[in-house]
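Please consult the sequence and the model shown below before reading on.

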Amino acid sequence: MKKFVNKFLGVFSDDLGIDLGTSNTLICVKNKGIILNEPSVVTITAKTREIFEVGDRAKLMIGRTPVSYETIRPLRNGVIADYEVTEKMLRSFYKRVNSNRLLHNPRVIICVPAGITQVEKRAVMEVTREAGAREAHLIEEPMAAAIGVGINIFEPEGNMIVDIGGGTSELAVISLGGVVRKSSFRVAGDKFDAAIIDYVRTKHNLLIGEKTAEEVKIQIGSAIPIEEEITIEVSGKNILNGLPKDITLSSTDLVEPLGSLVQEIIEEIRVIFEKTPPELAADIRRRGLYITGGGALLRGIDKKISNALNLKVTISEEPLNAVVNGINVLLQNFSTYSKVLVSAETDY
């Protein structure tokens with residue numbers, strides 16, 4: 001009976017794809033493409049924990065709320081850190097994309113980190129169903145990214161994906177529609193921001209927030225020295241006297257702290273190569289590897305990885321949207337790509 005009801009509801013609903021990221025949540029709809037791209041940030045009232053703002057407006061409030069409100073990121077390191085707030089955030093996003101609440105009970109494909117545990121998988125699926133989904137299915141981020149960059153994942157050829165997100169970086173060797181080797185580790189966009197905060201505090205006795213650090217990373221961040229140095233004015237709080245203070249940072253200043261983190265990513269790629277069968281390693285040597293995610297936009301990251309590994313490195317055309325684009329392809333061809341889903345609603 002349940003299968004019949006779900007099939008009946010499917011006639012009246014659109015399939016949704018969600019890239020539930022630490023930094024941003026993207027939602028795509030079958031046959032419509034990406035219809036929502038908002039920061040995974042929520043402002044709640046401190047006493048009742050009711051939603052005050054979600055997404056872009058909530059992000060503007062980071063570090064600026066009075067004691068009666070709290071601005072939080074309910075996802076940390078690619079997984080749910082606050083179940084209740086994540087459910088409310090998803091429900092709020094669903095309302096924005098839902099044109100007919102009475103008939104809109106979508107089948108939802110959610111992207112999750114490759115290293116997620118079974119308990120965390122269950123949490124993601126349950127919170128998605130609680131927010132209004134008819135069915136919930138999961139796909140691993142590097143697999144979705146591989147589909148999104150146009151790789152034929154079903155070929156008997158090895159391909160390597162390096163997806164550098166906000167909370168985690170995901171590495172995977174993919175062949176014949178499956179993940180042969182994978183790694184999920186917490187060196188990604190948030191760590192880049194933290195490195196900038198540490199550098200500014202240590203070198204300039206200045207405290208800056210996460211939002212300022214992210215802006216610095218976007219504007220001048222670089223993994224290698226660049227020909228034309230870029231500078232930015234940064235404001236924060238002087239550690240010594242607590243007063244506001246301005247400094248000037250250059251791209252050269254950030255090469256060491258950011259470059260050292262990129263080196264950690266390179267070392268993790270080496271580890272994956274050591275565990276990869278020789279035939280697949282030979283394929284990757286010939287084809288090179290692909291970088292996706294927001295971290296792919298860091299200046300010089302492709303050159304640093306390429307020089308260290310002596311490999312061709314390709315940054316995808318839309319690195320920020322590679323994962324959700326892959327989910328969109330899956331929605332368009334569900335029967336073909338359903339075999340790459342790591343778990344289905346019926347597994348639990």
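Two strands are said to pair if DSSP finds at least two bridges between them. Helices (H or I, at least four residues) and strands (E, at least two) are DSSP runs, numbered from the N terminus. This is a predicted model, in which local features need pLDDT of at least 70, side-chain atom pairs count only at pLDDT 80 or more, and totals for chains, interfaces and linings use all residues. Residues are numbered from 1 along each chain as its sequence is written, and side-chain values use heavy atoms, with hydrogens and water left out.

**Strand E1 and its partners**
- E1 and E2 form a hairpin, with 3 residues between them.
- E2 (residues 24-29) pairs with E1 in the antiparallel sense over 5 bridges, and Ile27 of E2 stands opposite Ile18.
- E9 (residues 107-112) pairs with E1 in the parallel sense over 4 bridges; Cys111 in E9 is the bridge partner of Asp19.
- In E1 (residues 16-20), 5 of 5 residues are buried (under 20% relative accessible area, 1.4 Å probe, protein chains only).
- Leu16, Ile18 and Leu20 point one way from E1, while Gly17 and Asp19 point the other way.

**An open sheet**
- Three strands form an open antiparallel sheet in the order E5-E4-E6.
- E5 (51-54) and E6 (69-72) stand at the edges with a single partner strand each, so one side of each lacks a neighbour in the sheet.
- E4 (residues 42-45) is joined to E6 by 4 bridges, and Ile44 has Glu70 as its bridge partner in E6.

**Helix H11**
- Helix H11 (residues 322-332) is largely enclosed by the rest of the structure, because 9 of its 11 residues are buried.
- Among these buried residues are Asn325, Gly326 and Leu331.

Note on methods:
Buried < 20%, exposed > 50% of the residue type's maximum accessible area, 1.4 Å probe, protein only.
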